[in-house]
Amino acid sequence: ILYLAKNKINKNINKMSAAMATATATTANLSEMDAVYGVVFNLGSLLVRIVLEPVETQSRVQFSKLSSHYYKHSNDPSNQNIQKTYISEYCSILGSFSFRLRILSTVCAIVMCLGPSYTWLLLRILYKDKYIDTQAPLVLAWYCLYVFLLSVNGMIEALRDSVSDVKQLSSKSPTGLTGFMVVTFTFCSILAYVLVPKYGALGIVYSNSMNLILRILFSLHFIAFRGVYPPIIDRFETAKSAFRNSVPKRTVLMSLFGSGVIAYYASPTDPSAASLATHVIHVIIGALCGVCIVIASLVSDEELREETFEAFGHSRVFKLLRVSGIIVLLKIVGIKIVEQGPGSKKRK
């Protein structure tokens, strides 16, 4: 009897030890996942706070003029001058939307294409050996894609809110904004519950990215088929034209793809064993790829080129570029550059 009792006690002790070990391992994994996502979120939110958030806030203020002017003058169709002014301002704001979305998506596409190749090095510089052996480099690489989706979603939602009325925004049906947000939140919460135990912090990025993709698709559908537009403007064709103009030029897309491939294959296979010279060469290659993307954007996008030279034409950087010969090279290629001197007219 004592022998059987002893064996039973030993089995219970082993089960309790295994359960305690499992609980300890689970707690350690949750703590590591929380730390990894916290680091990635803090690093990734720098670009969002510095670049995306101010532009999105300013765009919402500017785009809100669409709905305010519509409700102010829609009941007075007899005044043709007011209608023409409203339509002119409407087209101007849509052009501003296309330009801003094109520039923001290009900037964030640079981060998306080049960023994943340098996440390990960034964490190594900032935190030394603390996170380089964890999931943090991979999560930060996928977070670069998340930042790109954030930039696109922010601008599209700013336009969506400006072409919608109060009833559409407050509707709790699945096709309304409030109802859609509830459905999307529920779906992504379930998705995170399924993915996080398997992928850790990477599952949170996956679920958040899916949430942004669904919101972008909903906003596109809303703008194209349910938005508030002037009566004489074709809703679908106008939205189609605005989104077509917001896509970066083909030269920029090719340079983004090529730069991403070059940066990926130039990265060391084993970053921990690579020498300092290897990492320096890798950083130089990434910088050159970024410069090539910027030059491709200036060459292919005339509106961006004019805005850039008009804003920075009198700065020291512009004068330095002129001295270095880059401006002369652009002129030789045949690119029109708009310059403006103090007290003088624009000249091409």
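Predicted model: local features only at pLDDT ≥ 70, side-chain atom pairs only at ≥ 80, totals over all residues.
- On the side of α9, the contact is made by Thr-251, Val-252, Ser-255, Leu-256, Ser-259, Ile-262, Ala-263 and Ala-266, while α10 contributes His-282, Ile-285, Cys-289, Ile-293, Ala-296, Ser-297 and Ser-300.
- By residue class, the contact of α9 with α10 divides into 9 nonpolar and 6 polar residues, with no charged residue taking part.
- Helix α10 has 25 residues and spans 36 Å from its first C-alpha to its last, which is close to the 36 Å expected at 1.5 Å a residue.
- The buried residues of α10 are His-279, His-282, Gly-286, Cys-289, Gly-290, Ile-293, Ala-296, Ser-297 and Leu-298; of the residues that α10 brings to the contact with α9, those named include His-282, Cys-289, Ile-293, Ala-296 and Ser-297.

- Ser-117 is found in the loop between α2 (80-114) and α3, and it counts as buried because its relative accessibility is 17%, where the cut-off for buried is under 20%.
- The side chain of Ser-117 reaches the backbone oxygen of Ala-263 at 3.5 Å, and a polar atom of that side chain also lies 3.5 Å from the backbone nitrogen of Tyr-264.
- When neighbours within four places in sequence are left aside, Ser-117 is in contact with Ala-263, Tyr-264, Ser-267 and His-282; Ala-263 of α9 and His-282 of α10 are also among the residues that make the contact between those two helices.

**Lys-128**

- Most residues other than glycine have a negative phi.
- Lys-128, although it is not a glycine, has a positive phi of about 60°.
- Lys-128 is found in the loop between α3 (119-127) and α4 (136-162), and it is exposed, with a relative accessible area of 60%, where exposed requires over 50%.

**Phe-218**

- Phe-218 has its place in helix α7 (residues 201-225), and this residue counts as buried because its relative accessibility is 11%.
- Although Phe-218 and Gly-176 are 42 residues apart along the chain, their C-alpha atoms are separated by 9.8 Å.

Terms used: Residues numbered from 1 in each chain as written. Heavy atoms only, no water. Helix = DSSP H or I, 4+ residues; strand = E, 2+ residues; numbered from the N terminus. Buried < 20%, exposed > 50% of the residue type's maximum accessible area, 1.4 Å probe, protein only. Contact = heavy atoms within 4.5 Å. Nonpolar A, V, L, I, M, F, W, Y, C, P; charged D, E, K, R; others polar. Expected span 1.5 Å × (residues − 1). Polar contact = N/O pair within 3.5 Å; in protein donor to acceptor, adjacent residues only side chain to side chain.
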